[in-house]
Amino acid sequence: MAKAFSQEFINLQKKRLEEDLKDLLAKIEELKKEDPFLDPDHASDNAAVDTDVREQVGHETVEAQIKDLNYRVSEIKAALLRINKGKYGICLKCAKPIPKARLEVIPESAYCIDCEKKLRS
Ligand SMILES: [Zn+2]
């Protein structure tokens, strides 16, 4: 079977994915520090109710952001795994090669545009 992509392209994508992964993990660490619930003073302070509400909202926002980032981390890890298996850039649903232009925009793409549309609808 002929390879859908050149090794050069795959190496480049791998590098991008690894860099994205590093950035995402660093961002998650940063966000965790911002979480007011992790503030060591939090448990002991006698803050007014409005402060508590603000901390609650801050905590939920940070949690939602971390959840989004973790989702991308898992997508990127899955893409790196596909590179190792020699299956990178092949749509998981229809097994057709994903257009290069799409992979350049979203290196962790697991589906071609058609299948992605079907999955989302
Ligand atoms: Zn497909």
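Where does P36 lie? Select P36 to find out: P36 sits in the loop between α1 and α2. Helices here are DSSP runs (H or I, at least four residues; strands are E, at least two), numbered from the N terminus.

This is a predicted model, in which local features need pLDDT of at least 70 and side-chain atom pairs count only at pLDDT 80 or more, while totals for chains, interfaces and linings use all residues. Residues are numbered from 1 along each chain as its sequence is written, and side-chain values use heavy atoms, with hydrogens and water left out.

**Stop 1**

P36 counts as buried, at 17% relative accessibility. The scale runs as follows: buried is under 20% relative accessible area, exposed is over 50%, and partly exposed is in between (1.4 Å probe, protein chains only). The C-alpha atoms of P36 and V57 are separated by 9.4 Å, and the two residues are 21 residues apart along the chain.

**Stop 2: the helix pair**

Select α1, residues 7-34, together with α2. The two pack at an angle of about 155°, and their axes are 9 Å apart. Axes are lines fitted to C-alpha atoms, for helices over the stretch in contact, and angles run from 0 to 180 degrees between N-to-C directions. So α1 and α2 are roughly antiparallel to each other. That label applies to angles over 145 degrees; under 35 is roughly parallel, 65 to 115 roughly perpendicular, and the rest oblique.

Color the contact by residue type. It holds 15 nonpolar, three polar and eight charged residues. Nonpolar covers Ala, Val, Leu, Ile, Met, Phe, Trp, Tyr, Cys and Pro; charged covers Asp, Glu, Lys and Arg; the others, Gly among them, are polar.

**Stop 3: the zinc ion**

Select the zinc ion. Its protein donors are the SG atoms of C91, C94, C112 and C115, lying 2.3 Å from it. Donors are N, O and S atoms within 2.8 Å of the metal (3.2 Å for Na, K and Ca). The donor residues are spaced C-x2-C-x17-C-x2-C in sequence. C94 lies in the loop between α2 (49-84) and α3 (100-105), and C115 in helix α4 (residues 113-120), so this pair ties together parts that are 21 residues apart in sequence.

Which of these two is buried? C115 counts as buried, at 5% relative accessibility. C94 counts as partly exposed, at 31%.

**Stop 4: A95**

Finish at A95, in the loop between α2 and α3. A95 counts as exposed, at 53% relative accessibility. Its phi is near 65°, a positive value in a residue other than glycine.
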